[in-house]
Amino acid sequence: MKPLIPCTAVMAALALVACEAPGTGTQSADAGATSAGDAGPAASAGTESINARVRAGLWQTTASFPDGNAPSVNSRVCFDETMTALNVGSGQSAPSEDCTQNVTRTSDGFAFTSRCDAGPGGVTETVGTMTGDFQSAYRMEATVTTTGSSMAALNGTTQVVTTAEYQGACPEGWRAGDVEVPGLGTRININDMQAQAAQAGAATGASPGG
């Protein structure tokens with residue numbers, strides 16, 4: 001699975017923040033295998049995927065907005081052993097989006113930048129950091145700036161702080177990738193969303209005769 005980087009303030013407000021981008025320029029770091037402070041040989045291997053592996057089970061997340069643009073949003077996410085912190089919000093980018101990213105290891109976690117061009121949706125640039133042990137807790141801070149969107153309300157800069165704490169085993173009946181946001185009255189599955197987006201992208205890219 002390709003790494004996912006936060007890319008839209010709107011989805012951040014739903015605690016579903018992500019934009020799948022090509023692996024070009026990405027540096028590797030596996031938070032599940034090493035401590036955040038241990039860069040290790042993998043940190044310089046620029047061709048491998050990012051793996052900020054999260055402990056399998058139920059996580060409580062809170063997305064807050066220090067600039068006061070929106071109220072905090074709480075959600076619960078069920079992770080399995082294959083998912084990473086960057087999977088939260090792993091609805092794959094629309095095929096029309098052109099995204100580039102860079103992720104580097106820091107002394108206490110990761111630093112990341114991304115740029116996503118969604119055409120009429122505008123250009124979204126994100127700068128942020130992620131820290132924590134990913135076994136009991138982690139924290140993501142990002143500044144998201146959108147310009148050139150045909151929807152004027154989407155243009156501007158938003159700060160998002162997402163914190164997550166491990167809660168234990170996922171409830172009975174939950175699947176890996178299930179996300180529940182209180183007040184919405186339903187659960188969605190981010191893994192299903194990603195699979196559907198991949199299928200749509202494949203169909204869009206197929207030739208008329210194929």
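This is a predicted model: local features need pLDDT of at least 70, side-chain atom pairs count only at pLDDT 80 or more; totals for chains, interfaces and linings use all residues.
Reader: Is Ser 149 buried or exposed?

Author: Ser 149 is buried, since its relative accessible area is 9% and buried means under 20%.

Reader: And what does the side chain of Ser 149 reach?

Author: The side chain of Ser 149 reaches the backbone nitrogen of Met 151 at 3.1 Å. A polar atom of that side chain also lies 3.3 Å from the backbone oxygen of Gly 121.

Reader: Which residues is Ser 149 in contact with, leaving aside its neighbours within four places in sequence?

Author: With those neighbours left aside, Ser 149 is in contact with Pro 120, Gly 121, Gly 122, Leu 154 and Asn 155.

Reader: Thanks! You mentioned β8 and β9. In what sense do they pair, and over how many bridges?

Author: β8 and β9 pair in the antiparallel sense, over 10 bridges. To pick out one of them, Thr 143 has Gln 159 in β9 as its bridge partner.

Reader: Zooming out, what is the order of the strands in the open sheet?

Author: Nine strands form the open sheet, and their order is β5-β6-β7-β8-β9-β3-β4-β10-β11. The pairing is antiparallel. At the edges are β5 (98-106) and β11 (187-189), each of which pairs on one side only. On average, neighbouring strands of this sheet are turned by 20° against each other, with direction ignored.

Reader: What holds paired strands together in general?

Author: Strands of a sheet pair through backbone hydrogen bonds, either parallel or antiparallel.

Reader: New topic, disulfides! How many are there by the count?

Author: The count comes to one disulfide. It joins Cys 78 to Cys 170, with an S to S distance of 2.1 Å.

Reader: Which parts does that pair tie together?

Author: Cys 78 lies in strand β4 (residues 73-79), while Cys 170 is in the loop between β9 (156-168) and β10 (178-180), so the pair ties together parts that are 92 residues apart in sequence.

Reader: Is the disulfide right-handed or left-handed?

Author: It is right-handed, because the torsion about the S-S bond of Cys 78 and Cys 170 is about 110°.

Reader: Are the two cysteines buried or exposed?

Author: Cys 78 is buried, with a relative accessible area of 4%. Cys 170 is partly exposed, at 23%.

Reader: Nice. How many aromatic pairs does the structure hold?

Author: The structure holds five aromatic pairs. In one of them, the rings of Trp 59 and Phe 79 have their centres 6.3 Å apart and their planes at 80°, so this pair is edge-to-face. Trp 59 lies in strand β3 (residues 57-64) and Phe 79 in strand β4, so parts that are 20 residues apart in sequence are tied together. Trp 59 and Phe 79 are buried.

Reader: What about Trp 59 and Tyr 166, how are their rings placed?

Author: The ring centres of Trp 59 and Tyr 166 are 5.7 Å apart and the planes are at 70°, so that pair is edge-to-face. Since Trp 59 lies in strand β3 and Tyr 166 in strand β9, the pair ties together parts that are 107 residues apart in sequence. Trp 59 counts as buried at 0% relative accessibility, whereas Tyr 166 counts as partly exposed at 22%.

Reader: Last one: which residues do ring pairs link into a cluster?

Author: Ring pairs link Trp 59, Phe 79, Phe 110, Phe 134, Tyr 138 and Tyr 166 into a cluster.

Conventions: Residues are numbered from 1 along each chain as its sequence is written. Side-chain values use heavy atoms; hydrogens and water are left out. A disulfide is a pair of cysteine sulfur atoms within 2.5 Å. Helices (H or I, at least four residues) and strands (E, at least two) are DSSP runs, numbered from the N terminus. Buried means under 20% relative accessible area, exposed over 50%, partly exposed in between (1.4 Å probe, protein chains only). A polar contact is a pair of N or O atoms within 3.5 Å; within protein, one must be able to donate a hydrogen and the other to accept it, and residues adjacent in sequence count only if both atoms are side-chain atoms. Contact means heavy atoms within 4.5 Å. Two strands pair if DSSP finds at least two bridges between them. Axes are lines fitted to C-alpha atoms, for helices over the stretch in contact, and angles run from 0 to 180 degrees between N-to-C directions. Rings of Phe, Tyr and Trp (its six-membered ring) pair if their centres lie within 6.5 Å; planes under 30 degrees apart count as stacked, over 60 as edge-to-face and the rest as tilted.
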